[in-house]
Amino acid sequence: MRKPITDLIHHPYTPPPGFSAPQPGVFKASTVIFPNVAAMRARDWQHKAGYTYGLHGTPTTFTLEERIATLEGGKHCLLVPSGLAAIANVSMALLKAGDEVLIPDNAYGPNKALADGELKSWGITHQIYDAMNPADLQARIGPNTKLVWLEAPGSVTMEFVPLRELAAICRERGVTSALDSTWSAGIAFNGFDAGADIVVHALTKYPSGGGDVLMGAVVTRDDKLHRQLNLTHMRVGWGVGANDAETILRSLSTMAVRYHAQDMAARELAAWLQGRPEIGQLLHPAFEGSPGHPHWRELCTAAAGLFSVVFDARYGTAQVDAFCDALELFKLGYSWGGPVSLAVPYDVAPMRSARLGTCPYKGVLVRFSVGLEAVDDLRADLEQALGALG
Ligand SMILES: *Cc1c(COP(=O)(O)O)cnc(C)c1O
């Protein structure tokens, strides 16, 4: 007779099959149990035909991967522990010593830092290009260029780049393009339709929508490209926790409504700020006069709830810092796409390549991520904080 403590681990009970509920189940595993040795020997971690090890997928992560692939109109999706890991997955899988990668000057900063750090130390070179100028990309693609990063709009300064044109240049020159489409979230525009070969997302932003989970996704349509990315993904050991995957699955169903609500709220606040004498320039791609606005209009049906303002040049860093400190509902913090509105002051010039001279902004910049609070309350908060400018 087996002791009860063994039965606590090897219990004969299995619940009846056929359970169905709105939310997919959370399957947690490092170990996956095989029914017999033959099944163990025949294991195939690459094709989602079954399960081999927690790192290679569970019903929970497979379900999330399929939904993200569908969202972006892709065929394959890999989940990684952060948006930055999604960028790293692509660069590490596609580049080897002697290769070169091109990165936009207005790219998400850590993408450039990865190129300047690890990639450089592995003998992979990079060039920064001006994504607002397709001729600059055209001129910089060389025989060693194996990957071009794309991003729309640009990080912090929000200029909407001529994405289709940039992707077409990559295609013409036979260079793989990877688009960081976190801002679009698969809603404002479709990354593959814009011409990208690979689309990455920080699921940390709108897909999570809570400011509480870090995750990234790498989406492809091409089997061969996916296999290459998947091999690196497996060899470096990137995986995501089932509880985090479940959290994203739960939020994903409400993402479109949140995205559009935050878009509308952000446009209302941006329009109001634009009319204020303290503001020198509004940087929101959906607004006439914002850099790249015609490209946004051509490609997009919506915008994220994210914009920046450049304060009038008469306000220095200390004054804009005082404005930020006076904000009450807007919290000071990085990331975006969550329910809490956020503000971050930036000094843009050091973030941009001096060689390209692509920083025309003279005043101090503040980026706002609009959350889900009542717009009137957010406007009142901005108004009282503008009073602290002095
Ligand atoms: C936030 C962000 C990332 C990185 O996502 P993390 O999950 O924070 O690592 C990458 N690209 C863009 C455009 C982002 O906004």
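The model is predicted, so local features need pLDDT of at least 70 and side-chain atom pairs count only at pLDDT 80 or more, while totals for chains, interfaces and linings use all residues. Residues are numbered from 1 along each chain as its sequence is written, and side-chain values use heavy atoms, with hydrogens and water left out.

Let's start with the rings. Rings of Phe, Tyr and Trp (its six-membered ring) pair if their centres lie within 6.5 Å; planes under 30 degrees apart count as stacked, over 60 as edge-to-face and the rest as tilted. Searching the whole structure turns up 10 aromatic pairs. One of them joins F160 and F189: the ring centres are 6.1 Å apart and the planes stand at 80°, so this pair is edge-to-face. It links distant parts of the chain, 29 residues apart: F160 is in the loop between β4 (145-151) and α7 (163-173), and F189 is in the loop between β5 (176-180) and β6 (198-202). Helices (H or I, at least four residues) and strands (E, at least two) are DSSP runs, numbered from the N terminus.

Now look at F311 and Y315. Their ring centres lie 6.5 Å apart with planes at 85°, so this pair is also edge-to-face, and both residues are buried. Ring pairs join F311 and Y315 with F307, F323, F330 and F368 in a cluster.

What about the cysteines? There are zero disulfides in the whole structure, a disulfide being a pair of cysteine sulfur atoms within 2.5 Å. C324 is buried, with a relative accessible area of 2%.

Finally, step back to the nonpolar cores, which are sets of buried Ala, Val, Leu, Ile, Met, Phe, Trp, Tyr and Cys residues joined through side-chain atoms within 4.5 Å. The largest has 90 residues, and W183, F189, F307, F311, F323 and F368 have the most contacts inside it. Helix α10 (residues 255-274) gives the most to this core, with seven residues. Domain 1 (37-249) and domain 2 (252-389) both contribute residues, so the core lies between them; these bounds come from an automatic or database domain assignment. A second, separate core of 27 residues includes V80, A93, L114 and I128.

Key:
Buried means under 20% relative accessible area, exposed over 50%, partly exposed in between (1.4 Å probe, protein chains only).
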